[in-house]
Amino acid sequence: MTMDTAARGAGPLPDATGHFGRFGGRFAPEALMAALDELAREFETAKNDPAFTAELEDLLANYAGRPSLLTEAARFSEHAGARVLLKREDLNHTGSHKINNVLGQALLTRRMGKTRVIAETGAGQHGVATATAAALLGLTCTVYMGEVDTERQALNVARMRMLGAEVIPVRTGSRTLKDACNEAFRDWVASVDDTHYCIGSVMGPHPFPVMVRDFQRVIGVEARRQCVEMTGALPDAVVACVGGGSNAIGTFHAFVGDESVRLIGFEAGGDGVATGRHAATLVGGSLGVIHGMRTYLLQDDDGQTLETHSISAGLDYPGVGPEHSWLHDTGRAEYREITDAEAMEAFALLCRTEGIIPAIESAHALAGALKVGKELGPDATIVVCLSGRGDKDMHTAATFFGLMPEGENA
Amino acid sequence: MSAQTAYDKAKADGRAALVGYLPAGFPSYEGAVQAAKTMVDAGCDVIEIGLPYTDPMMDGPTIQDAVHRALVGGVRVADVFRTVEAVAATGVPVLVMTYWNPVDHYGVDRFARDLASAGGSGLITPDLTPEEGGPWLEASDAHGLDRVFLVALSSTDERIEAITRACRGFVYAASLMGVTGARSALDTGAPRLVERTRAVLDKAGSALPVGLGLGVGTGAQAAEVAGFADGVIVGSAFIRRLLDAPDLAAGLAGVRALTEELAAGVRHGR
């Protein structure tokens, strides 16, 4: 694949001001407007600069390990009742799709003459990827992480620190991903002269949703080609998990124009949407503004953000990228919820049938594939974005399944 | 009543206006009303009532703390309107400072109507710029409300022009690149930002006043800012007095003393 195909959007959206229909835009402090304008300009120029695209392609191929494999999951398919192909983003350097976006943004940071990156992270995948790219390019790195998440993802905190990043536990609000985002924005307002805020998903004020999408678009571009090579046809469905939604947009985008391909995103249903303890924004949210964008949002009658719940730190976010809201409203993509229990069942099933330990985020997509497979039947092919590997989640999983040695299940 | 009326009156007195901020519901519903009335009584010309919000992206630890307490205390949007009504009864202009989502969710026109009914003067919107503010520009026109947008040190002259054209009541100049919270020293770029904003307003033939906020917390700083801006905006320093006090009475005494210090400051700056 070339950067040209990866970076060029398939359709006319967003418009020049970053709107996907009524979603997106730029709801941010005036202090950041100059930096957002600069970023939008720099991204446009970089996309069309052969030196930039060549350097990014080189890093993706020779550092991140792209293209990632498309793996036939034969034994898992028996349980799904359809043919399941796994897009193996777990095989990328740092263990998830996050590296695709971060390498692009780190190169842009250097191009803008900035010397520091900040990031927010939930499960730590984006934080680890950012710390990695910062080390590679010699940038200073600060990562904000909700205190709750630093506890459930302690291993990734250690990885980030090992890579030279400063990790700051955020103790405000619900002490999870959304609060880490708030803190990163506060930092950015005060440091914007020398600092780039490396947002980790297709969210935030324009140009972040379109820029992150374009850096992640490589997933779907590869998957589409690989699927046709492997099966002789396009898949019947493409499924991915959706928190902020970057792996899902990255996978969906190459297929948006293929009307025969169903695009299905699976959100974190937690204990079930009916219980109120969930993070399924498109299934259970309403229109609002958060973190610089207009999108669907989990909020109460006063427009206050609701606390979310998911067994997956990476999906524990009350908003969603604006392009997903648009795909949801237009009906081009479908969004459903997967409960914690369903995700963990699929997690265990992939381990036992394919010898692959997935991230708990990705396990939501796998649980979705099990449902979609039964609906579509044995002749159907489903591409699942396996967005990350599960090493970071072993403590959570081992506790959930009671696999820890006596006395260590707490 | 537009906030500009209070600015004009201060100007006629040969001084800058003093603008005080406090979130509704902090330290309690009644405590906030009493504190705001104390601020008016001791010399504030304009009051900003903060709408407590779960994700205060632009605020430092002091305001975050106060707003969190207000939300835990159960403050609702309806309480914000009640607070505005109680404080506006003192006769000073009262504006609501709010992040955009609560207004968006309430319904922009409905919010404007209810604010106007409560006697409120308008809104200050830290995360809404005129580009995204179409519905609010319409609603504020329909209900005769002030709309105060922010200009920042990083704003280009082109943006300052577009922002000030959309403003009514006053222009809020953010004195530093950073979040709310009292600072020991003001950014040296602040006078230059006010000067640039004035130049744009003068060119447009506008007499809109320019208030400067973020980081101001002492009488000496108020005097310094009053030397070059039309208004001095103070928030965190008031909250600090209430947070640090053992009880409401002591907090109100602290708020009164600070207001008097700042009010003296805006008179000594010219």
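How many residues does helix H5 of chain A have, and how far does the helix reach from its first C-alpha to its last? The model is predicted, and in it H5(A) runs over residues 98-111, which makes 14 residues. The helix reaches 20 Å, close to the 20 Å expected at 1.5 Å a residue.

Helix H5(A) is mostly covered, with 12 of its 14 residues buried. The buried residues form a list that begins with Lys98(A), Ile99(A) and Asn100(A) and also includes Gly104(A), Leu107(A), Leu108(A) and Thr109(A). Just after the helix comes Gly113(A), where phi is positive, at about 80 degrees.

Lys98(A) deserves a separate look. This lysine lies in helix H5 of chain A. In an unreviewed entry, UniProt places the feature "modified residue: N6-(pyridoxal phosphate)lysine" at Lys98(A). Why does Lys98(A) count as buried? Its relative accessibility is 13%, and buried means under 20%, so Lys98(A) falls in that class. If its neighbours within four places in sequence are left aside, Lys98(A) is in contact with Gln125(A), His126(A), Ala129(A), Gly200(A), Gln216(A) and Ser246(A).

Further along chain A there is a pair of strands, S11 (residues 286-290) and S12 (residues 293-297). The two run antiparallel and are joined by five bridges. Within this pairing, Leu287(A) of the one strand stands opposite Tyr296(A) in S12(A). Together S11(A) and S12(A) form a hairpin, and two residues lie between them. His291(A) is in the turn and has a positive phi of about 45 degrees.

Conventions:
Residues are numbered from 1 along each chain as its sequence is written. Chains are lettered from A and ligands numbered from 1 in the order in which they are written. This is a predicted model: local features need pLDDT of at least 70, side-chain atom pairs count only at pLDDT 80 or more; totals for chains, interfaces and linings use all residues. Side-chain values use heavy atoms; hydrogens and water are left out. Helices (H or I, at least four residues) and strands (E, at least two) are DSSP runs, numbered from the N terminus. The expected span of a helix is 1.5 Å times one less than its number of residues. Buried means under 20% relative accessible area, exposed over 50%, partly exposed in between (1.4 Å probe, protein chains only). UniProt positions are given in the numbering used here, feature names are shortened, and annotations may be inferred rather than shown by experiment. Contact means heavy atoms within 4.5 Å. Two strands pair if DSSP finds at least two bridges between them.
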